[in-house]
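Q: Hi! I'd like to walk through this model with you, a few spots at a time. Could you keep the answers plain?

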Amino acid sequence: MDLKELCKKFKAYAPHVDTSLLEKAFLFSAKAHTNQNRASGEHYFVHCEAVADTLVEFKLDMPTIAAGLLHDVLEDTPVNAETLRREFGEEITCLVEGVTKLDALQFSSQDQAQAENWRKMLLATAQDIRVILIKLADRLHNMKTLNFLDRDHQLRIAHETISLYAPLAHRLGMFELKSELEDLAFQFLHPKEYQELSTKILAQMAGRQAALNSFKKTLEEHLKSSGIPYRLLSRTKSLYSIYEKMNRQNKPFEEIQDALGVRIIADTLADCYAILGIVHAVFKPVAGSFTDYISIPKMNLYQSLHTTVVAATGDLTEVQIRTEDMHRTAEYGIAAHWKYKSGEKDKENPHLEEKLNWLRQWIEWLQDLKSPREFLESLKTDLELNQVFVFTPRGDVKALPAGATPIDFAFAVHTDIGYTCVGAKVNNKMMKLDHVLKSGDVCDILTRKGSVPKKDWLLIVKTARARSKIRHYLREKGVVT
Ligand code: MN
């Protein structure tokens, strides 16, 4: 994709926005990455263009796309933040810095619980959700070009994608992106199963296509005569979600029934239910298969009517019915709700205002949806600002309350480490034991055999765990009662 095409795609949804910074970012990044190649042998800038292209597809705003083009210049080129700030201003620079900061964190543990901490940390440390959208676009292109790396790297990155980035995309409601990331990772993590399953699906598709076509034909006849406007789409379940379902239900591929189906996009909410009535009048629904995710949206805001019906051929076919808006949310999730602002800013503090707007919009949008309470609850945990995430030197993450100290961290790692703790290195610097830890800090606890907890520690610690362990020790020694 070239600059002209990028601007054209952008103008298609943001016709009144000035693209001069976008053009500048394109040329600046291309120049900064001159003489750098990717493992594929391609010019490095191809990667930056691909990231920008994905962000344009999400219909994001100009600063996000410019930052997408520039996302690797701080890390991989001699360009520094000062230059970036001078050339592109605060907002774009902050986004690039955010992505660079996330890149510096490496996910090293294989543990699922760690992945959950990581997801929370990503959400909490990227103060601007657009940083995460850029990171996801970056990961998508890296996954698409993963075959050029060696096997060890492939496994590490694919594992990180499936346990961290795909669930993050899912949490943000970006279902298409989540499936794409999962299928790409699946291919590298379980090549044999991936191969087998794709072969089977191709064979089934060929066999079932005729049946599906006749199903669609009957359906269309009835929909047309009803006069309700609609769009009919075919859908295939993603490979990885079939694989997961086979494992979860312990069933062979042949018994997975919703691998193929149709999706009907309607104009209005009322039309969705009217169409559902037609579908059920024409085809016999499978008892218990109907789910109304419109009245009760899923946690990630997905909305749709789902029903499985029996086709004339006897095949079971899943039908999903939703409006255009719901469809866009199902595909792009949170990115679908980025409303393009045409440039009116609070003169006092334009950047802060924009950041707040973004978050405010997100929260308003959540509240609009008749309070899906669990989602708000989970969002609260995700954005828990009074939590910090601190790393062990091995890369494991510990979630601690804000204000936590190296002593809290030591007890979070292991009771014995807490007991014998004598000092701490934070990001390779010696710090006092009452030092307040920040998200992203790497903390290395120094211990001495025979050393014991001090009474003063009770005044310093923030976690219940550390407090109770210290009290327990001191009580046994008769120091406190
Ligand atoms: Mn990158």
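Q: Which helix is Arg 467 found in?
A: Arg 467 is found in helix α20, residues 464–476. Helices here are DSSP runs of H or I with at least four residues, strands are runs of E with at least two, and both are numbered from the N terminus. This is a predicted model, where local features need pLDDT of at least 70, side-chain atom pairs count only at pLDDT 80 or more, and totals for chains, interfaces and linings use all residues. Residues are numbered from 1 along each chain as its sequence is written, and side-chain values use heavy atoms, with hydrogens and water left out.

Q: Thanks. How does Arg 467 count in terms of accessibility?
A: Arg 467 counts as partly exposed because its relative accessibility is 32%. Buried means under 20% relative accessible area, exposed means over 50%, and partly exposed is in between (1.4 Å probe, protein chains only).

Q: Which residues gather with Arg 467 in the patch of positive charge?
A: Lys 462, Arg 471 and Arg 475 gather with Arg 467 in that surface patch. Patch members have over 30% relative accessible area and no salt bridge, with like charges joined within 9 Å and nonpolar side chains (Val, Leu, Ile, Met, Phe, Trp, Tyr) within 5 Å. The areas come from the Shrake-Rupley method with a 1.4 Å probe, and for residues only the protein chains shown count as cover. Lys and Arg count as positive and Asp and Glu as negative, while His and the chain ends are not counted. Each charge is placed at NZ of Lys, CZ of Arg, CG of Asp or CD of Glu.

Q: And Ile 470, buried or exposed?
A: Ile 470 is buried, because its relative accessible area is 0%. Its place is in helix α20 too.

Q: Switching to salt bridges: how many does a search of the whole structure find?
A: The search finds 14. A salt bridge is a side-chain nitrogen of Lys or Arg within 4 Å of a carboxyl oxygen of Asp or Glu. Side chains of opposite charge can pair when their charged atoms come close.

Q: Which residue does Asp 138 form a salt bridge with?
A: Lys 135, with the closest N and O atoms 3.2 Å apart. Asp 138 and Lys 135 are about one helical turn from each other, because they are 3 residues apart in helix α8, residues 129–144. Both Asp 138 and Lys 135 are buried.

Q: What about Glu 160 and Arg 139, how do their side chains meet?
A: They meet in a salt bridge of 2.5 Å, N to O. Glu 160 lies in helix α9 (residues 151–171) and Arg 139 in helix α8, so this pair ties together parts that are 21 residues apart in sequence. Glu 160 counts as buried because its relative accessibility is 5%, and Arg 139 counts as buried because its value is 7%.

Q: Where do Lys 178 and Glu 182 lie?
A: Both lie in helix α10, 4 residues apart, about one turn of the helix. Elsewhere, salt bridges that share partners join Asp 61, Glu 91 and Arg 130 into one network.

Q: Now the loops. Where is His 71, and what does its side chain contact?
A: His 71 is found in the loop between α4 and α5 (73–76). Its side chain makes a polar contact with the side chain of His 47 at 3.1 Å, and a polar contact of 2.9 Å joins the side chains of His 71 and Asp 72. A polar contact is a pair of N or O atoms within 3.5 Å; within protein, one must be able to donate a hydrogen and the other to accept it, and residues adjacent in sequence count only if both atoms are side-chain atoms. His 71 is buried, because its relative accessible area is 0%.

Q: Last one: what is phi for Lys 59?
A: Lys 59 has a positive phi of about 60°, although it is not a glycine. Most residues other than glycine have a negative phi. Lys 59 lies in the loop between α3 (45–57) and α4 (62–70).
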